[in-house]
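Please read them beside the coordinates.

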Amino acid sequence: MSKNIDVELRNIQKRFGSNVVVDNFNIQIEQGECVSFLGPSGCGKTTTLNMIAGFLEPDQGELLIKGKRMNGVPSNKRELGMVFQTYSLFPHMTIFENVAYGLKLRKVPKSEMTARVNKVLELVKLPHVAERYPKQLSGGQRQRIAIARALVTEPTLLLLDEPLSNLDAKLREELRDEMKRLQQEIGVTTIFVTHDQEEALYMSNRIVVLDHGKVEQIGTPWDIYNRPASEFVHTFIGKSNRMLGVIEKVDDSGLRLRSDAGIQLFGDLRNKVGPGTSVSIYVRPEKITLHRENRGTSGVNRVNGTVKQTSFLGAYTECEVEVGKYSIMVRMQSTQQESALASGQEVYLEWKPEDVFVFPREGQGS
Ligand SMILES: Nc1ncnc2c1ncn2[C@@H]1O[C@H](COP(=O)(O)OP(=O)(O)O)[C@@H](O)[C@H]1O
Ligand SMILES: [Mg+2]
């Protein structure tokens, strides 16, 4: 079965002066896919999107849309729909006119135009605001109209640059649900730029993690979270506890590690590191089980410590536990009992070797 590739980046590079802000970007995006570009502010997400949109030309590399080379092709010839962080609606036009704008430019006949505008307004669940002006809508509604305007021309590709960043938390979640539903319903190929890891996990078929203009990893949300290609990816996505240590032994049963707090730990062979390597050792807060009673220390990855503080966060409770020189964060589902955990109380922590992530430390080979 051959895949339909809607977008392809081949060795795309962009410099501003001597500053390389996008380096060697390669990806093929399939028809109907939603791919997120995720990374901290300044990592090159918008610059890459602007090259795909035709607002910027790459210094090197090739860009293809539907198999056609797009380098040098003006933006309005690329069949795109775009939504940005700030609402870019025309203030002096009604919502209907705003949404109709792209169709008017394309000289779509009036009756067809009306039908199509009404259809996308239905799609974003705002059919009743057609005669209003942008300033009469809430931020969330304006952003939905921006999405409607981007979709009305039935673009090959939908480009979204942090479209939710200006909304408050509750609205952000609502619109996120809505966008996912729309994206799947219409099946439009989408590139979604965000610095918010949860948004990326939620929205995407695949995520591209970027750091300083370099692609760190491309993978499904599951891959990115559970099989991070680098320490950067692991720590950027979700919380994780870090300890330093050294690999003592590698055999068929896995890795034996010694942390610099003197604790013996075990990892599995997914981590490709040899004996003697100095490493960063990670375990995520939700992978640790906390016990009140001593279960012995003979099992794997069992340590004891004292409770420093607990924080009730509704659905879950976080507990900070002092283990030697480290402060280990444990996240558990809230039950009736967490409130009974007192500061200074001795507790016992346990986690599985498969939940241990190990990365060689800077300047150390693997
Ligand atoms: N027009 C420009 N001239 C010079 N530097 C720029 C320009 N646009 C962006 N940059 C720089 O390129 C890097 C990437 O920027 P950008 O793509 O906007 O990052 P992101 O969208 O991931 O926050 C940043 O260091 C930024 O300062
Ligand atoms: Mg940006």
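**Notes on cavities, pockets and domains**

1. The residues lining the largest cavity are eight nonpolar, two polar and no charged. In this classification Ala, Val, Leu, Ile, Met, Phe, Trp, Tyr, Cys and Pro are nonpolar, Asp, Glu, Lys and Arg are charged, and the others, Gly among them, are polar. The model is a predicted one, in which local features need pLDDT of at least 70 and side-chain atom pairs count only at pLDDT 80 or more, while totals for chains, interfaces and linings use all residues. Residues are numbered from 1 along each chain as its sequence is written, chains are lettered from A and ligands numbered from 1 in the order in which they are written, and side-chain values use heavy atoms, with hydrogens and water left out.

2. The lining of the largest cavity consists of Ile147, Leu151, Leu158, Leu160, Met179, Leu182, Gln183, Ile186, Val188 and Thr190. At least two lining residues come from each of α4 (139-151), β7 (157-161) and α5 (169-186); α5 gives the most, with four. Helices (H or I, at least four residues) and strands (E, at least two) are DSSP runs, numbered from the N terminus. The volume of this cavity is about 70 Å³.

3. The search of the whole structure found two cavities of 30 Å³ or more. On a 1 Å grid over the protein atoms alone, a cavity is a set of points where a 1.4 Å probe fits but cannot get out; a pocket is an open set with protein on both sides within 12 Å along at least five of seven lines; lining residues have an atom within 4 Å of a point. Grid points are joined across faces, edges and corners, and a volume is the space filled by probe spheres set on the points.

4. The second largest cavity has a volume of about 50 Å³. Of its 11 lining residues, Arg295, Gly296, Arg302, Tyr348 and Leu349 lie nearest the centre. Two or more lining residues come from each of β16 (302-312) and β19 (346-350). By class, this lining has three nonpolar, five polar and three charged residues.

5. The largest pocket holds about 510 Å³ of space. It is lined by 17 residues, and those nearest its centre are Leu80, Met82, Gly102, Leu105 and Arg106. The elements giving two or more residues to this lining are β6 (80-83), α2 (95-105) and α4. The lining divides into eight nonpolar, six polar and three charged residues.

6. After α2 comes Lys107, with a positive phi near 60°.

7. The second largest pocket, of about 230 Å³, is lined by Arg116, Lys119, Val120, Leu123, Leu151, Val152, Glu154, Pro155, Ile186, Gly187 and Val188. Helix α3 (residues 110-123) supplies the largest share, four residues. The lining comprises seven nonpolar, one polar and three charged residues.

8. Which residues does Gly267 touch, leaving aside neighbours within four places in sequence? They are Gly254, Leu255, Leu257, Pro353 and Val356, where contact means heavy atoms within 4.5 Å. Gly267 lies in strand β13 (residues 264-267) and is buried, with a relative accessible area of 2%. Gly254 is 13 residues away from Gly267 in sequence, with 5.9 Å between their C-alpha atoms.

9. The domain assignment gives domain 1 (5-235) and domain 2 (239-360); such bounds come from an automatic or database domain assignment. Their centres, taken over C-alpha atoms, are 39 Å apart. Eight residues from domain 1 and 10 residues from domain 2 take part in the contact.

10. UniProt, in an unreviewed entry, places the feature "domain: ABC transporter" at residues 7-237. UniProt positions are given in the numbering used here, feature names are shortened, and annotations may be inferred rather than shown by experiment. Over residues 7-237 the chain is 36% helix and 27% strand, with the end C-alpha atoms 26 Å apart.

11. For the chain, the secondary structure comes to eight helices and 20 strands. Of its 366 residues, 46% are buried. Among contacts with a separation of 6 or more, 66% join residues 24 or more positions apart. Along the principal axes, the C-alpha atoms fill a box of roughly 75 × 50 × 45 Å.

Terms used. Buried means under 20% relative accessible area, exposed over 50%, partly exposed in between (1.4 Å probe, protein chains only).
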